[in-house]
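Please look over the sequence and the model before reading on. The paragraphs below go through the structure part by part.

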Amino acid sequence: MQINLTGHHVEITPSLRDYVNSKFDKLERFFDKINNVHVILNVEKLQQVAEATLHINAGEIHARADSENMYAAIDALTDKLVRQLNKHKDKLNSH
């Protein structure tokens, strides 16, 4: 799985990059058909925003989360993606 990490108005520090990589590596345990991921970290006034688009075999999954803390936003983002991946996996298994 390839992870593209982009920052808008925020510097992508090595620790931030490592945190994103470790979080998204866990997503592969839920769903192993993730081709690549595009993560955008953004600062909008007082909100830290994390969004991601997962390119999977049967389409794309997109989620967005914001918080006052970038690490919390990334946590919320991965939680949303896990729920969407599980829903997607259930849909695939029901056919």
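Where does His9 lie? His9 is in the loop between β1 (2–8) and α1; helices (H or I, at least four residues) and strands (E, at least two) are DSSP runs, numbered from the N terminus. This is a predicted model, in which local features need pLDDT of at least 70 and side-chain atom pairs count only at pLDDT 80 or more, while totals for chains, interfaces and linings use all residues. Residues are numbered from 1 along each chain as its sequence is written, and side-chain values use heavy atoms, with hydrogens and water left out.

The phi angle of His9 is near 60°, a positive value in a residue other than glycine. His9 counts as exposed because its relative accessibility is 72%; exposed means over 50% relative accessible area, buried means under 20%, and partly exposed is in between (1.4 Å probe, protein chains only). A positive phi is also found at Lys45, about 50°, although Lys45 is not a glycine. Lys45 sits in the loop between β2 and β3, and with a relative accessible area of 82% it is exposed.

The largest nonpolar core has 24 residues, and Phe24, Leu41, Leu54 and Leu81 touch the most other members. A nonpolar core here is a set of buried Ala, Val, Leu, Ile, Met, Phe, Trp, Tyr and Cys residues joined through side-chain atoms within 4.5 Å. At least two residues of this core come from each of α1 (14–30), β2 (34–44), β3 (47–56), β4 (59–67) and α2 (70–93). With seven residues, α2 gives the most to the core. Phe24 shows how separate parts of the chain meet: leaving aside neighbours within four places in sequence, Phe24 is in contact with Met1, Ile3, Val37, Val39, Ala52, Leu54, Leu77, Thr78 and Leu81. Contact means heavy atoms within 4.5 Å.

The helix α2 has 24 residues and reaches 34 Å from its first C-alpha to its last. That is close to the 34 Å expected at 1.5 Å a residue, where the expected span is 1.5 Å times one less than the number of residues in the helix. At the start of α2, a side-chain oxygen of Asn69 comes to within 2.7 Å of the backbone nitrogen of Tyr71. The buried residues of α2 are Met70, Ala73, Ile74, Leu77, Thr78, Leu81, Val82, Leu85 and His88. What covers them includes α1, β2, β3 and β4.

How many salt bridges does a search of the whole structure find? There are three, a salt bridge being a side-chain nitrogen of Lys or Arg within 4 Å of a carboxyl oxygen of Asp or Glu. One of them joins Lys23 and Asp75, with the closest N and O atoms 3.2 Å apart. This pair links distant parts of the chain, as Lys23 is in helix α1 and Asp75 is in helix α2, 52 residues apart. Lys23 counts as buried at 19% relative accessibility, whereas Asp75 counts as partly exposed at 24%.

Another salt bridge is formed by Glu44 and Arg64, whose closest N and O atoms are 3.3 Å apart. Glu44 is in strand β2 and Arg64 in strand β4, 20 residues apart, and the pair links distant parts of the chain. The side chains of Arg64 and Glu51 also meet in a salt bridge (3.3 Å, N to O). Arg64 lies in strand β4 and Glu51 in strand β3, so this pair ties together parts that are 13 residues apart in sequence. Glu44 is partly exposed, at 35% relative accessible area, and Arg64 counts as partly exposed at 34%, but Glu51 is buried at 17%.

Strand β3 also holds Thr53, which counts as buried at 17% relative accessibility. The side chains of Thr53 and His62 are joined by a polar contact of 2.9 Å. A polar contact is a pair of N or O atoms within 3.5 Å; within protein, one must be able to donate a hydrogen and the other to accept it, and residues adjacent in sequence count only if both atoms are side-chain atoms.
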